Amino acid sequence: MGEIKTMSVKKKWTLALATLAAVLVIGVTGGSFYLYHFAFEPTPKVLTSTSKKSHAILVKNKAWLKSIEKQTWHETSATDNFKLVADFVPAAKKTNRTIVIAHGYMGNKEQMASYIRLWHRQGYNVLAPDDRGNGQSQGNYYGFGWPDRLDYVKWTQQVVRRLGTDSQIGLFGVSMGGATVMMMSGEKLPSQVKAIVEDCGYTSVADELSYELKQRYHLPKFPLIYTTSWIANQKAHFNFLEASAVNQLKQNKLPIFFIHGADDTFVPTKMVYENYRATTVKTKKLWVVPGAKHGEALNKQPKLYEEKVSAFMGQYLK
């Protein structure tokens, strides 16, 4: 009787553990698909808010961008064969200097109107693409800058083909765009690419997703970041665990200017210091803007921002 009772208890414990394991597997699987859907699929969502002043400035600059003379350029993505679209805004006075602008998460080229206008005002041509899955470009996922970095390499190559081998190219990006141009820095770029300015980019996709997972849902990095990476690998065809601005910056050879808001709670300010330390080039600069939230550095200090970025870029694009 004792042995039968012991076996019965063991069976109950085995069943309980099996049930618990099944619940955990179902929970992790469901959570992983939700995280992929939330983070990678182009769906409407509100992640950050902007001030009324910033919104009004953007509306004004979007109207300017709509009215100004520009060309539509096309490119094919480096992977997945998506058709990509960009606006090319030629300088008022002919020049061989071009700024390639990378937009932020859930953004598009129109969202970068204030920055396009800034660089155009400084006498540069400006090329502003829509990333895969954004704006007028094809795609069913956000690349967080990682596959996009290779698309932007192709855009810089197109600048050289169209505008000539004497082109001088600068890279500029904000938020995900900042991460994009940092991730580009570790790639083989045309010799015409001379300098980089990044504003509030993250250290890596895994770091940013882990941060948001903790902030929004109070969940740890393990296991969801890793299980979601398996789903992303299948659906979006890239491993976001490899998507590191820090690692790419270790290969960087170009002058680079890092900008970040001191009050950024979306891409935490501490990330800019890690990015800054990652690259060993001597020609690097860091500016943490007091009181600025995520992507608000330009609107917080408009004159100083324009002075600083134009002075930096002007040293290397001549």
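**View 1. The largest nonpolar core of this predicted model has 60 residues.** Phe40, Phe144, Leu171 and Tyr202 have the most contacts inside this core. A nonpolar core is a set of buried Ala, Val, Leu, Ile, Met, Phe, Trp, Tyr and Cys residues joined through side-chain atoms within 4.5 Å; buried means under 20% relative accessible area, exposed over 50%, and partly exposed in between, with a 1.4 Å probe and protein chains only. A second, separate core of 33 residues includes Ile101, Val174, Ile259 and Val289.

**View 2. Surroundings of phenylalanine 40.** Contact denotes heavy atoms within 4.5 Å.

**View 3. Glycine 133 lies in the loop between β4 (125-129) and α4 (146-163).** Helices (H or I, at least four residues) and strands (E, at least two) are DSSP runs, numbered from the N terminus. Glycine 133 counts as buried, because its relative accessibility is 14%. Beyond its neighbours within four places in sequence, glycine 133 is in contact with Pro42, Gln138, Gly139, Tyr141 and Tyr142.

**View 4. Tyrosine 217 belongs to helix α6 (residues 205-217).** With a relative accessible area of 33%, tyrosine 217 is partly exposed.

**Notes.** Residues are numbered from 1 along each chain as its sequence is written, and side-chain values use heavy atoms, without hydrogens and water. In this predicted model, local features need pLDDT of at least 70 and side-chain atom pairs count only at pLDDT 80 or more, whereas totals for chains, interfaces and linings use all residues.
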